Amino acid sequence: MDQQRQKEEFQYAYVCALAAHAGLNRGDFRVDNDSIDITFQAKGHFGLGRIRSPMIQIQLKCSSQDLIADDVIKFPLKIKNYNDLRGEEVVVPRYLAVLLVPDDLDQWIANHDDHIALFKSCHWLSLRHYGPTDNEASVTIDVPLTQRLTSATLLQMMDRASAGESL
């Protein structure tokens, strides 16, 4: 398997571990033609929202490049992904998740007798309120380092989705 495919699979496992810890159901599409890699759903009534069985959708990206500058990840996003993820006219809230991993594959996981650790960090961004662009190939977006994707964040996203909103 080439390293880009390994990054994709590693991020999928990383985010699925967070969702399992949060108690969310996972689904994915066999064909990714709408820039959605994974969907999470909560069962029944969730939080204080009015929407039953809320869902969120996430586009996964993984990089070992040094993309951090000024407390943000300067991530080059293909224009197709940008356009698919932005805008308010979607039923299910959409997010971008960017996982940063060490350049050395051997440093992605640390195995211990009583646990494993996954490295490095995953961050999220909603492009819901982003506007159109004249760029034709890609758009560099700023993903704040303060927006770490965690089990708690997934639950917050789900809570907002149950109210028909996004974070």
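Is Asp 84 buried or exposed? At 18% relative accessibility, Asp 84 counts as buried; buried means under 20% relative accessible area, exposed over 50%, and partly exposed in between (1.4 Å probe, protein chains only).

The model shown is predicted, so local features need pLDDT of at least 70 and side-chain atom pairs count only at pLDDT 80 or more, while totals for chains, interfaces and linings use all residues. Residues are numbered from 1 along each chain as its sequence is written, and side-chain values use heavy atoms, with hydrogens and water left out.

**View 1. A salt bridge between Asp 84 and Lys 80.** The closest N and O atoms of Asp 84 and Lys 80 are 2.3 Å apart. A salt bridge is a side-chain nitrogen of Lys or Arg within 4 Å of a carboxyl oxygen of Asp or Glu. Both residues belong to helix H2, 4 residues apart, which is about one turn of the helix. Helices (H or I, at least four residues) and strands (E, at least two) are DSSP runs, numbered from the N terminus. Asp 84 is buried, whereas Lys 80 is partly exposed, with a relative accessible area of 41%.

**View 2. Arg 5 and Glu 9 in helix H1.** Helix H1 covers residues 3-22. The side chains of Arg 5 and Glu 9 form a salt bridge of 3.0 Å, N to O. The two residues are 4 residues apart, about one turn of the helix. Arg 5 is partly exposed at 40% relative accessible area, and Glu 9 is partly exposed at 34%. Side chains of opposite charge can pair when their charged atoms come close. The count of salt bridges comes to 6 by the rule used here.

**View 3. A salt bridge between Asp 34 and Arg 94.** The N to O distance between these side chains is 2.5 Å. The pair links distant parts of the chain, 60 residues apart: Asp 34 lies in the loop between S1 and S2, and Arg 94 lies in strand S6 (residues 94-100). Asp 34 is partly exposed, at 32% relative accessibility. Arg 94 is buried, with a relative accessible area of 12%.

View 4. Asn 81 counts as buried, at 9% relative accessibility. Its side chain makes a polar contact of 2.7 Å with the side chain of Ser 35. Another polar contact, of 3.3 Å, joins the side chains of Asn 81 and Lys 61. A polar contact is a pair of N or O atoms within 3.5 Å; within protein, one must be able to donate a hydrogen and the other to accept it, and residues adjacent in sequence count only if both atoms are side-chain atoms. Leaving aside residues up to four places away in sequence, Asn 81 touches Ser 35, Gln 59 and Lys 61, where contact means heavy atoms within 4.5 Å.

**View 5. An open sheet of 3 strands in the order S4-S5-S10, with antiparallel pairing.** S4 and S10 stand at the edges, each with a single partner strand, so one side of each is left without a neighbour in the sheet. Two strands pair if DSSP finds at least two bridges between them. Strand S4 (residues 68-69) is joined to strand S5 (residues 72-78) by 2 bridges. Across this pair, Ile 68 stands opposite Ile 73, and Ala 69 has Val 72 as its bridge partner. The hairpin of S4 and S5 has 2 residues between the strands, and Asp 70 takes a positive phi near 55 degrees there. On S10 (residues 138-144), 7 bridges make the join to S5, with Phe 75 opposite Ile 141.

**View 6. Antiparallel pairing of strands S1, S2 and S3.** Strand S1 (residues 25-27) pairs with strand S2 (residues 38-41) over 3 bridges. Arg 26 stands opposite Phe 40 in S2. Strand S2 also pairs with strand S3 (residues 55-63), over 4 bridges. In that pairing, Thr 39 stands opposite Gln 57 in S3. Strands of a sheet pair through backbone hydrogen bonds, either parallel or antiparallel.
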